[in-house]
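Please look over the sequence and the model shown below before reading on. The paragraphs that follow lead through the structure step by step.

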Amino acid sequence: MTTRPGPPRQKRSQAAMERILEAAQQLIAEEGIAGFTLNAVAARAGVAVGTVYQRFANKEDLLVSAQQRWLDEVARTQREQFLPAAAQQPDFVRAVSLYAEQLAALFRGHACLVREFVVYAAAIPALREAAQQRLDQLAQERCDVFMALPDRPPHITRGHILLVLRAVQSLLEWRVATSPDVEEAIAMPWDTLADDIPKLVTAYLGHDA
């Protein structure tokens with residue numbers, strides 16, 4: 001009987017890393033960062049705690065990586081769903097407004113996770129710096145897409161678009177972070193936000209600069 005070789009070590013290592021980060025993200029959303037431990041992550045991921053420590057020096061290191069994973073998910077969702085839909089809009093202002101509306105929907109679906117990252121970024125410099133760097137990169141990438149739309153009014157510059165993208169993101173982060181607790185973040189008037197934010201975008205971009 002021939003024994004099939006197992007998956008290469010690199011693939012096994014990548015799979016373990018993905019389980020760890022997925023478990024970390026789940027626990028942050030469910031329990032919050034305050035009660036977050038590497039032992040709990042290992043148990044949720046189904047790996048030995050030593051496996052976690054082999055990859056992450058401490059809790060802060062794992063938090064930064066979990067946040068990076070979440071932001072990568074945001075970028076992928078926007079690239080695959082939001083941006084193509086926005087690009088099909090014949091009206092430029094409506095395209096940007098649609099993007100803002102969809103970003104609000106994404107925050108709504110992950111309110112607990114976002115709240116924890118935003119709140120603790122103020123206390124954990126590494127978390128804050130890593131998030132800012134990635135968010136700035138995403139804003140520039142999204143701006144490139146909107147600048148390339150053929151019906152962009154000439155008075156709307158790159159600066160206008162970057163301001164809108166960052167303002168929408170900051171508004172959503174602020175609204176989630178100022179919720180007294182996770183339950184309140186979930187129960188926020190998301191429908192109203194999803195309706196009002198595009199109106200603000202339209203009001204700003206719809207007038208000549």
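**A walk through the helices**

After helix α2 comes G46, a residue whose phi is positive, near 75 degrees. This is a predicted model, in which local features need pLDDT of at least 70 and side-chain atom pairs count only at pLDDT 80 or more, while totals for chains, interfaces and linings use all residues. Residues are numbered from 1 along each chain as its sequence is written, and side-chain values use heavy atoms, with hydrogens and water left out.

The chain contains 10 helices and zero strands, where helices (H or I, at least four residues) and strands (E, at least two) are DSSP runs numbered from the N terminus. Along the sequence this gives the pattern α-α-α-α-α-α-α-α-α-α. Of its 209 residues, 40% count as buried; buried means under 20% relative accessible area, exposed means over 50%, and partly exposed lies in between, with a 1.4 Å probe and protein chains only. Among the contacts in the chain with a separation of 6 or more, 70% come from residues 24 or more positions apart, a contact being heavy atoms within 4.5 Å.

Helix α2 spans residues 38–45, and its buried residues are L38, V41, A42 and A45. They lie on the same side of α2, because they cover an arc of only 100 degrees around the axis, the arc being that of the directions from the helix axis to the C-beta atoms. An α-helix has 3.6 residues a turn, so residues three or four places apart point the same way. On the face of α2 turned away from the buried side are the exposed residues N39 and A43.

How are two packed helices described? Two packed helices are described by the angle between their axes and the distance between the axes. Helix α4 (residues 59–87) and helix α7 (residues 125–147) pack at an angle of about 15 degrees with their axes 10 Å apart; axes are lines fitted to C-alpha atoms, for helices over the stretch in contact, and angles run from 0 to 180 degrees between N-to-C directions. The two helices α4 and α7 are therefore roughly parallel to each other, given that angles under 35 degrees count as roughly parallel, over 145 as roughly antiparallel, 65 to 115 as roughly perpendicular and the rest as oblique. On the α4 side the contact includes L63, L71 and L83, and on the α7 side it includes L127, L135 and F146. The residues of this contact of α4 with α7 divide into 14 nonpolar, three polar and five charged, where Ala, Val, Leu, Ile, Met, Phe, Trp, Tyr, Cys and Pro count as nonpolar, Asp, Glu, Lys and Arg as charged, and the others, Gly among them, as polar.

Helix α6 (residues 111–121) holds L113, which is buried with a relative accessible area of 4%. Not counting residues up to four places away in sequence, L113 touches Q25, I28, A29 and W70, and its C-alpha atom is separated by 7.9 Å from that of G32, 81 residues apart along the chain.

The same helix α6 also packs with helix α8 (residues 158–177), at an angle of about 95 degrees and with axes 9 Å apart, which makes α6 roughly perpendicular to α8. In this contact A111, V114, R115, V118 and V119 of α6 meet E173, V176 and A177 of α8, and the residues involved divide into six nonpolar, no polar and two charged.
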